[in-house]
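Could you walk me through this structure in my viewer? I would like to know what to select next and what is there.

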Amino acid sequence: MINAIYRLVAPRKFQIEYENIDIHNSEVIVRPTYLSICNADQRYYQGLRDPKILDNKLPMALIHEAIGEVVYDKSGKFKVGDRVVILPNMPPYYDEVIAENYIKGTKFRSSGCDGFLQEYIVTDVDRILLLPDMIDNHVAAFLELISVAVEAIYRFEQYSHARKEIIGVWGDGNLGYITALMLKKIYIDSKIVVFGKNADKLIDFSFADESYLITDIPDNILVDHAFECVGGSSSSAAINQIIDLIEPEGTMSIMGVSEYEVGINTRLVLEKGITIIGNSRSSHLNFERAIDILSKNPDALEHLERLVSRVVEVSSIQQIEEAFENDIKKSYGKTILRWNT
């Protein structure tokens, strides 16, 4: 069985390569159907990573957010045609203490090994999950990002104290939107407050209890705990504003990715006894939890559908490149690829 793999070989340049799939030595084969472009994919596509990192990782197929249809399953757990979400995380072993997404040696698709820009995906049976009918293809395509928010929230639950009257979310992008929405569904009685820098984006956070521009926060606003969903060059400012506004012994969950070291006010961290939790990616369990939350909250699905900025039919390298270029220009949300290879 021949598989076409669409690899990024240099910034803004894709190339098709063909490899043989040995069906008899494959557990599961899935044909991707809907894929979602992530900011991490864009950093590779635009060549925004360190040149040494690019030299080390390219050529590589991008995309780690995707769903597909089962083509073959040796175990018999799934039927041909089943609609499934594909997990990008590939842990080398199970650890009863360390979660799979933090195990040393864990591979992650589109970061060191090929992602989902392929005609077929060969994977293990525990790396796919059946999707309920109520979750439509466009939202399901970025279920991985939703699972990342769920991962951070459940780690927060492990380490935070019981007082959760006010939870702040810093960041008005996709991750901030999803994290605030998931928090509202999990902590029904808590007040969820969003802090961002774009008034136009904050309007979309209609499910949040309050929202403020980071440059216009009332003097009496404090939060019991906070989630940082900013990342990039603004990470330091966001984290330090959280440190200023968080109550003593609050928990701060850091989710935004920065290419550079971030300076923070450690004196105030110590003075307040703040717990800082780092979060990265997600696990099989977080995908299950995310699917369960969405299945029980149809209104959450409606909010998530608003993140879909465009759906693009893709069946060639030229269309892939056009989709990535247009994604750079979008003002908000997610670009979804309908994969027709």
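Here is a short tour, from the whole chain down to single residues.

**The whole chain.** Keep in mind that this is a predicted model. Show everything as a cartoon to start: the protein chain holds 11 helices and 19 strands. The radius of gyration is 20 Å, close to the 20 Å that the globule rule gives for 341 residues, so the chain is as compact as a globular protein of that length. Turn to the C-alpha trace, which spans about 65 × 40 × 35 Å along its principal axes.

**Contacts and surface.** Among contacts with a separation of 6 or more, 73% join residues 24 or more positions apart. Buried residues account for 51% of the 341. If you colour by charge, you will have 35 positive and 50 negative charges, and their mean positions are 2 Å apart.

**First stop: a cis peptide bond.** Select leucine 58 and proline 59; the peptide bond from one to the other is cis, with omega near 0°. Proline 59 sits in the loop that links α2 (51-57) and β4 (60-61).

**Next stop: positive phi values.** Go to the loop between β1 (2-10) and β2 (13-20), where you will find arginine 12. This residue is not a glycine, yet has a positive phi of about 65°. Arginine 12 counts as partly exposed, at 39% relative accessibility.

Finish at glutamate 249, in the loop between α7 (235-245) and β16 (251-254). Glutamate 249 is also a non-glycine with a positive phi, about 60°. Is glutamate 249 buried or exposed? With a relative accessible area of 56%, glutamate 249 is exposed, because the cut-off for that class is over 50%.

Methods:
Residues are numbered from 1 along each chain as its sequence is written. This is a predicted model: local features need pLDDT of at least 70, side-chain atom pairs count only at pLDDT 80 or more; totals for chains, interfaces and linings use all residues. Side-chain values use heavy atoms; hydrogens and water are left out. Helices (H or I, at least four residues) and strands (E, at least two) are DSSP runs, numbered from the N terminus. The radius of gyration is taken over C-alpha atoms; the globule rule is 2.2 Å times the number of residues to the power 0.38. Buried means under 20% relative accessible area, exposed over 50%, partly exposed in between (1.4 Å probe, protein chains only). Contact means heavy atoms within 4.5 Å. Lys and Arg count as positive and Asp and Glu as negative; His and the chain ends are not counted. The place of a charge is taken as NZ of Lys, CZ of Arg, CG of Asp or CD of Glu.
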